[in-house]
Each structure stands twice: as structure tokens, then as C-alpha cells.
Amino acid sequence: MNARIRAVFDDAGARGWLHAISLDRPEDSVELDADVVVPIASVYKLPLLAGFCRLVDTGELDPCEQLTLSPESRIPGPTGLSILADPVTMSLRDLAVTMMTVSDNASADALLNKVGPDRLAELLQSFGLEHTRVRRGAAGNLVELVRRTGASDPDAAFAVLADNDQTDPAGVYDAANLSAGSARDMTLLLREVWGGGLLSEGQTAFVRRSMEQQVFTQRIAAGFPHDGVRIAGKTGTFGALRHEVAVVTLPGGDAYAVAVFTHAARGDRRLPRVDAAIGEAARLAVDHLR
Amino acid sequence: MLTERYLQIFVALADEQHFGDAARVIGITQPPLSQGLRRLEALVGAKLFERGPGQVELTPAGKALLPHARRALNAIDEFHHAASAQDPEGVEIRLGLAPEVPASVGAAVAAACSAAVRGSRVSVISAPTSSLVQQVSAGRLGLAAVLHPAVLDGLEAGPVTLMSTWALVPTALYPDDGAALPLGKLQGLPIAVRPRAEAPAARDLFLDTLALHRPGGGTVIVTDERAGLAMAAAGQAIVVTPDPSLAAAGVGRHPLIDDPLPVRLRLVWPQSRTPNALPAEVMAQLSQALETP
């Protein structure tokens, strides 16, 4: 099985890491370097959401608290509030929905500030996620990327990563500098959330719903082209990194947690073959576990 | 007698849980794999795997022995490395060259290897990028010049060197006047490309760039540049090459305007903790040889 999954990534021109489990029988797993700590890009928004929901459960945060984000304080990004022109006032829980469904960076940074990186680290530790580190939000990552590439602004920095004619600047994909985690940690988190052991019933449902409403379907969902299969996922993309972690629920109700991380050889912003390979690898893993 | 191959079969089957996959990992076919497993089990006196339909699973005995097999294999690897370091005839530098590396450039890198490490013996192989990367990872090669972009997990790599390419066009299609041509004008014949599996990322980048500038122009798969040149001479294909010496009667050489299809090359080598790794300053010297042969 590993050789087949590896061949899918090889063919797409990407390095891949994968962990998949059956939620009913978590001892059944498919693993490809599942304990390697990889920069997880926007997949960090999932542990952040879990931490936020826990603080809602404990009453430390009010999900209905209104927050106003002004355009000048919002960080750049390709989607969500990041691309709007005027001040936006939203509740914390709506920021969470925006963060999960369209991977909005501005909402995520606002939530991370509310939760606090230190408090989040303690929560993740208490969840049993030993390899997951949320170091800073997207704003901090962009500053770091601009510094390492020697570029003048984030757009120019991403252009450096996308250029196939030059070497990646040292450290830009180094797990030690970025929010990072292992594939096994991510399926553990999904399993704990889906099992209802981590959060209240209401918050569990909130996480599941926000992940089912994710708009991106070109990765894991693309591996299951049947409306009867439900996908609740969170993607992550940063330069040559393309990831998704998801719970795949088959028509009969059997559910599987899958985490797929990839690092493409090419720098191009659009690599549909790698997106498709993530779906294909997830599909192979789930079929093996059925 | 217990052999290295039996241990490889044991570990690969435990990792892959599938006879076909395990055979592929080791690079053998399924019958010798099954036979090797049977012999190993006879030797051990216990069944190591339960064979189910399409799948195998470790028995308790297999589980108990697996860590020992892994340790033994690692020790054998270390022995191979240490043995080659003791070679009285001096350090052996094993260099791999991707077929896209022009002959003169490959020669310059090999010469630089010999010059950089006194008393070294240099041996050279040619193989596709995907195979070279694997061989460097496995420690069977000291360094290799490969196509970029390629997946280089855990390997060290030098800067990306760009080599301009020419189009070799049958004179029947275009007069042999040496004129620079836009890629979009190379119509009427397919462009010869080597098999995609040799270097999926680099080949896809080539094909995607080709499709952008020259939609619908078509390609034809050739096994090597020799075949490509022969097809061009026969008026059947256009060759895109960084090799300044490739020539044949009836085939004209044209620069491509804006150089849209450069060959991107890179030296790769194992991380420094690997036994027999060449020092970093030597690698910098060799990267230089690739850049300005």
C-alpha cells in the first residue's frame, strides 16, 4: 500500500506524508512517514479552532463577542476579509467560520490573538498533540517569508517561491520556523473531535459543520467524486506546500480521518496534478481501510 | 544461510504488507520474493507472515524478529560504507549524470571531481533523474547532476543552473539559416520528449510551458537524444536540446527567442552525516563546474 501511495506522489512530482485511520477502528491505519513534523500552513487553523471551541466551552471566550477589523490592520491573503476594502464587524464564531470555510487569514489572526499562542500551546498539549506547534499567525509568517527571501513585499516573496529558475531561500520550508505538525497528530485531533471527547456537543457540531462547509474541493474531495461521500476538511497552502486534513464519511456512515501533506518539486502557484494526487492518495488509503 | 536479501524481503514485506509492493521496493519480481520468504521461514523455524487475500500480516514471531532484522540491515549498510572508505586505492567518487546533461558538461563535472579530491577514483553512470535521486538517497552515489525541479527529500542540493536550449529542426520544415525562432512558430512536427516517469516534475514543467506557447503542436516520446536526432534527420520530429554538439545532416540549429524551455540542472548529494560524503567546499567547487563547464 505504501508503495502505491508513494507512486502517486512521485508521479505528481511531490514529496508526500500521510496518515489515515478508521474512526471506528483507530488501530487500523495507513501511514507514510506519519510522524515526520512538517510545516502545516493553513492546516494550523484546525487546531486553532479546536482550542477556540474549548475556550468557548469553558466560558473563557464568548463566541458572540463582536470584533471590528479595520482594513489597515488586516493582513493580506487571497480570500475572505483579507480582500475586502472596508471595516468589518463580526462575532468571534463567525470569524471562525470564515477562517475554516475560505481559510481567511485576517479572521485567523484575529482569533489567534484572542486565544493567545501560549494558551493555545497548553491546550494542544492537553489534547495529546505532541508534535503540533502553532508558532504565529499568517502576519508573522509573511514577515518571516519577506525577510528570508529578501523581497520587498509579500507578493514579491511568493514570486520567489514560485520561480522554478532559482533555489528556495534557506529555511522557508523549515518546520522549525513555522507552524508545524505531524500527519498522525492531525488524525488524532480529528478523531477526538468527531468522537465528542474533546468538546461539548454544540462545539463538536460547530467544528464539523464549518469543515463540511469548506469551499475548496480540488484535493481530498476530488478523490471521492460521489455526492454520497461527505468530506469535512481543512486545506493548507504555502508556496510549494499543499495539504489537507479531513474526515471522509461514506454513505453507510463509516468515517475515516485522513491527513495528507505534500511538498511539490515545482514552485508554480497552480499545480492541479498535486491537488489531484492528494485526493488519489486519500482515496487509496480509505479504500484500504474499508 | 541467512543473507542480506532475506532480511530485505522480511523488512519490505512488513512495511508494504503486499507481495507485489514489497517486490517492487526491493527491485525483484514476486516469485523470488515468495521463495526467499519461504526459505527465511524455514531457516527461522517459524511462520513470519499470515498470508491473506491480497495482503500479508506479521505473525507474533514476525513482530518479535522485525526490529532485529532492521538493525541487522542497518549494520550491513554501515559495513558497505565503511568498507568502501577503507579502499586502499583511494576514495571512490561515484557520479551520476542525468541524460539531459550535455556530454561536455558531464565531462567537466567528472573532471572537477577528480581535481577536487586528490587520488580519487571517479566512476560515472547515466540514469534518469528519478533513479539518480534514489541512488543518492540510498548512498550508492556520492553526487549526481539531475534535472530541476525534482523531489529531493533529505538531500543537499546546489544552485539551479539554467542551460539555454536550441531547436533542431528538419531543413525540410525550416531553412537552415540559424535564425532565432519563437517557440510558437515550431509547428508542423511533434517535439521529441523523453518519458515522463524519468522526471515527472521537470517533464511536466516542460510540457506545461510547451502547451502555453505552442498549443496543439504535439509531442512524441523518444527514449534518448540519439533517437530524437534520428527522428529529426528523418523529418519526423523537432528536438529541443541544451547540447551544443548535437548535429546531423538535414537538421538546422535555431536559438529559441526568450529561451522559454531552458534545461534546469542541479547537483545533489547526501547529507554530510552520511559516510563518505564529500566536504561542503568540494561540493561548492563542483557546482561551479556545472555552472561554467
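A residue is called buried under 20% relative accessible area, exposed over 50%, and partly exposed in between, with a 1.4 Å probe and protein chains only. This is a predicted model, in which local features need pLDDT of at least 70, side-chain atom pairs count only at pLDDT 80 or more, and totals for chains, interfaces and linings use all residues. Residues are numbered from 1 along each chain as its sequence is written, chains are lettered from A and ligands numbered from 1 in the order in which they are written, and side-chain values use heavy atoms, leaving out hydrogens and water.

**Exercise 1.** Classify Leu43(B) as buried, partly exposed or exposed.

*Solution.* 
Step 1. Locate the residue: Leu43(B) belongs to helix H3 (residues 30-44) of chain B. Helices are DSSP runs of H or I with at least four residues, numbered from the N terminus, and strands are runs of E with at least two.
Step 2. Apply the cut-offs: Leu43(B) counts as partly exposed because its relative accessibility is 46%.

**Exercise 2.** Describe chain B as a whole.

*Solution.* 
Step 1. Count the elements: chain B has nine helices and 13 strands.
Step 2. Consider burial: of the 293 residues in chain B, 44% are buried.
Step 3. Consider extent: the C-alpha atoms of chain B fill a box of roughly 75 × 50 × 30 Å along the principal axes.

**Exercise 3.** Which residues have the most contacts inside the largest nonpolar core?

*Solution.* 
Step 1. Recall the term: a nonpolar core is a set of buried Ala, Val, Leu, Ile, Met, Phe, Trp, Tyr and Cys residues joined through side-chain atoms within 4.5 Å.
Step 2. Name the residues: in the largest core, of 57 residues, they are Leu49(A), Phe52(A) and Leu95(A).
Step 3. Find the main contributor: helix H2 (residues 45-57) of chain A gives the most to this core, with eight residues.

**Exercise 4.** Describe the interface between chain A and chain B.

*Solution.* 
Step 1. Count the residues: 19 residues of chain A are in contact (heavy atoms within 4.5 Å) with 24 residues of chain B.
Step 2. State the area: about 1,700 Å² is buried between the two chains, buried area being the accessible area (1.4 Å probe) that two parts lose on being put together, summed over both.
Step 3. Count the salt bridges, each a side-chain nitrogen of Lys or Arg within 4 Å of a carboxyl oxygen of Asp or Glu: there are six between chain A and chain B. A salt bridge joins Arg273(A) and Asp208(B) at 3.2 Å, N to O.
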